[in-house]
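Student: I would like to learn how to read a sheet and a cavity. Can we work through a case?

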Amino acid sequence: MHILIVDDQAANRVMLKGLIERFGHSVSCAENGMQALELFSHKGADIVLLDVMMPVMDGLTTAKHLKQLSGEIHLPVLFITALDDQKTLLECLDAGGDDFISTPPEPIVLQAKLNAHARVRELSFKLKEKNEVLAYHSNRMEREQNVVSHMLSNALLENELKFGFLQTYLSPATEFNGDLVLSKGGPLGNYYIFVGDFTGHGLAPATGALPVAQTFFDLAEKGLSVATMVKEFNRRLVKLLPDDMFCAAFVAELSAGGDRLSYWNGGIPDALFIDNNGEVTNRLPSEHLALGILPPDEFNSSLSHCFIERGQRLVAYTDGVIEMANTDGNRLKESGFENKLKQFGHQDQFDDLVSSLESFQQGTEQSDDISLVVVNCVPTGLPVKQDDHSIIHLPFELKVSLTEHNIKGEDPVTRLVDSLSHLEGIKAHKTTLYLLLAEAFNNILEHNLLRLNSDIKEEDEGFERYYSERERRLESLEDIEVAIDVNYQPVDSVICFGIRSNGENGYPADEFSPVLDEEKMHGRGMQLIKNFSRYYEWKDEGQCLYIEYDLNLPSV
Amino acid sequence: MSVSREFSNDGKQLIIAIQGKFDFSLVQEFRQAYSHIGDSQPTVIIDLRETEYLDSSALGMLLNMRKSLGSSVKGIQLINAKPDVRRILDISRFDKMFTIA
């Protein structure tokens with residue numbers, strides 16, 4: 001240990017130095033405060049013995065400066081004094097002094113005091129070390145939270161909460177929200193909403209939110225059903241979450257017309273339909289366990305469906321809403337919340353509803369995350385997704401020659417259309433192209449080659465009989481050829497199909513009646529070809545059906 | 001599985017979803033999907049969101065279903081048809097016989 005002795009009297013310095021060196025410590029000496037500060041900044045010291053009255057800079061001032069120089073580390077300052085003057089002693093303590101030694105000192109007392117102050121100084125070293133470790137971990141934690149928070153906000157970029165028909169109030173209890181509200185339009189103008197509540201707060205639920213959000217956006221974009229969604233959420237969360245963590249969720253799909261809702265509720269308080277007066281007209285209770293509990297083979301994804309009358313609004317919320325408490329410790333409860341819905345029943349009063357909830361819990365600390373979502377069930381007005389209609393610029397020709405082997409138990413039309421769909425600009429037309437080709441192909445196959453009579457379809461059970469007869473005749477078919485020619489010219493962007501067979505009979509063209517009986521089971525195929533093609537013609541006495549389809553005319 | 005059948009939780013709706021191609025190759029499966037619907041007069045909902053292809057045989061099967069179910073159901077709705085599928089239903093004037101939503 002290194003001791004700094006500051007005293008203007010040489011005799012004192014020599015006496016103390018000798019004594020302390022005998023205790024086994026090294027010693028520096030200064031004659032006044034200025035010198036002491038200079039020495040301290042160069043050599044430091046573990047304990048300072050300081051005279052009170054000195055020229056140049058007195059002990060009180062020196063003590064203040066020394067303490068300042070020492071910073072976070074505790075520097076014991078012991079005043080050397082013969083004074084019995086209590087006022088000066090108090091001033092010394094106020095100036096940061098830690099103790100006194102009297103001159104001449106009692107060696108045993110001096111040694112004991114030095115050791116005691118050394119221990120305090122040692123503690124202060126340890127404290128500083130621990131503080132540094134703590135600060136390191138705290139920084140690291142903050143950095144990692146920032147990373148997760150960044151990832152989470154990126155994952156939620158697709159979240160569309162700004163729709164005219166959607167009102168939300170989201171109030172997390174801590175920085176990381178254990179509630180998750182997701183919302184996105186589907187490809188059919190339909191609309192999806194997810195209101196979830198993970199067990200716990202903080203990082204863990206936020207991490208669970210990542211896969212859920214990504215799955216939600218992917219499946220919503222594909223326009224899949226809520227049943228498919230919840231199955232996938234559950235599959236992922238069961239795999240990911242520890243056993244004591246799960247996610248209560250309400251997931252719903254509103255049809256583009258705003259008149260149909262299908263939903264799945266696992267562990268979320270009853271969602272509500274309310275009318276324009278805020279009266280509850282229907283409850284959508286939880287019918288399932290939360291997500292992330294049951295293994296996929298035991299998970300129940302069955303949905304509930306309801307038809308919605310005009311002017312109804314859907315209210316979904318997490319339990320933070322009804323469990324919020326006022327200063328008397330009373331919870332809001334379902335009844336309290338529904339009263340508020342009545343009180344602020346109109347769509348335009350959502351902000352008042354929120355203020356009223358906020359003032360209810362004013363003065364208390366929010367203990368749970370709060371999410372409240374209101375969807376006005378009107379036609380969504382969301383765009384219907386269109387495929388890329390860009391036109392192909394290269395002419396092409398394709399010849400497909402089929403024998404019975406390619407037809408029995410196979411589906412050449414689907415394969416052909418699937419292949420064509422890989423061409424730029426064709427994909428947008430694949431449903432219609434399939435229709436045209438399937439009708440043409442089946443007409444040729446069923447009438448020219450299999451010689452089936454469509455009238456069978458009109459009899460009782462005739463539909464099934466027709467197709468089992470088709471199957472039977474197809475089995476015994478031999479030596480047949482069906483040729484499909486596809487030709488595309490970019491000039492007029494028309495795809496031409498020629499489908500011909502080597503069957504003996506041609507299509508009985510006169511059988512086709514241009515007037516369709518809507519209840520009738522057959523005769524619809526040629527009608528569809530007529531409607532969706534630009535031009536069609538039976539050629540070679542009904543042996544060949546020629547069809548032109550205009551890529552510029554997607555809508556009829 | 002290209003035809004799936006599921007009753008809603010309250011049993012009031014039977015939802016039949018058809019994936020991919022809807023044509024005569026599903027004749028049996030489709031018929032089974034709307035058999036045994038019980039006496040509760042459910043609404044039958046045909047969900048076409050994942051139907052990519054359909055042809056006149058599918059239209060025939062839908063009409064067949066309508067004839068066979070008659071008044072044992074509250075109604076039949078065709079829902080979530082993509083625009084191209086919807087156009088085929090419209091051209092065939094299926095809106096006269098089904099609710100297309």
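Tutor: We take the sheet, then the helices on it, then the cavities. Keep in mind that this model is predicted.

Student: How do strands of a sheet pair in general?

Tutor: Strands pair through backbone hydrogen bonds, and the pairing is either parallel or antiparallel.

Student: In what order do the 5 strands of the open sheet in chain A come?

Tutor: Read across, the order is β16-β17-β18-β20-β19 of chain A. The pairing is antiparallel.

Student: Which strands stand at the edges?

Tutor: β16 (396–403) and β19 (535–539) of chain A do. Each has a single partner strand, so one side of each has no neighbour in the sheet.

Student: By how much are neighbouring strands turned against each other on average?

Tutor: The average for this sheet is 10°, with direction ignored.

Student: How many bridges join β19(A) to β20 of chain A?

Tutor: There are 5, and the two strands run antiparallel. β20 covers residues 544–550 of chain A. For one bridge, take Tyr535(A): its partner in β20(A) is Glu548(A).

Student: Now the helices. Which strands does helix α13 of chain A touch?

Tutor: Helix α13 (residues 430–449) packs on the sheet and touches β16, β17 (481–489), β18 (494–501), β19 and β20 of chain A. Its direction makes about 15° with that of β18(A).

Student: And what does helix α15 of chain A touch?

Tutor: Helix α15 (residues 524–532) packs on the sheet too, touching β19 and β20 of chain A. The direction of α15 makes about 130° with that of β19(A).

Student: On to cavities. How many are there of 30 Å³ or more?

Tutor: The count is 2.

Student: Which residues line the largest cavity?

Tutor: Ile274(A), Arg313(A), Leu341(A), Phe344(A), Gly345(A), His346(A), Gln347(A), Phe350(A), Leu353(A) and Val374(A) line the largest cavity. By class, that lining has 6 nonpolar, 3 polar and 1 charged residues.

Student: What lines the second largest cavity?

Tutor: Here the lining draws on chains A and B. Phe463(A) and Glu464(A) are in it, with Val27(B), Phe30(B), Arg31(B), Tyr34(B), Met61(B) and Asn64(B).

Note on methods: Residues are numbered from 1 along each chain as its sequence is written. Chains are lettered from A and ligands numbered from 1 in the order in which they are written. This is a predicted model: local features need pLDDT of at least 70, side-chain atom pairs count only at pLDDT 80 or more; totals for chains, interfaces and linings use all residues. Side-chain values use heavy atoms; hydrogens and water are left out. Two strands pair if DSSP finds at least two bridges between them. Helices (H or I, at least four residues) and strands (E, at least two) are DSSP runs, numbered from the N terminus. Axes are lines fitted to C-alpha atoms, for helices over the stretch in contact, and angles run from 0 to 180 degrees between N-to-C directions. Contact means heavy atoms within 4.5 Å. On a 1 Å grid over the protein atoms alone, a cavity is a set of points where a 1.4 Å probe fits but cannot get out, and a pocket is an open set with protein on both sides within 12 Å along at least five of seven lines; lining residues have an atom within 4 Å of a point. Grid points are joined across faces, edges and corners, and a volume is the space filled by probe spheres set on the points. Ala, Val, Leu, Ile, Met, Phe, Trp, Tyr, Cys and Pro count as nonpolar, Asp, Glu, Lys and Arg as charged, and the others, Gly among them, as polar.
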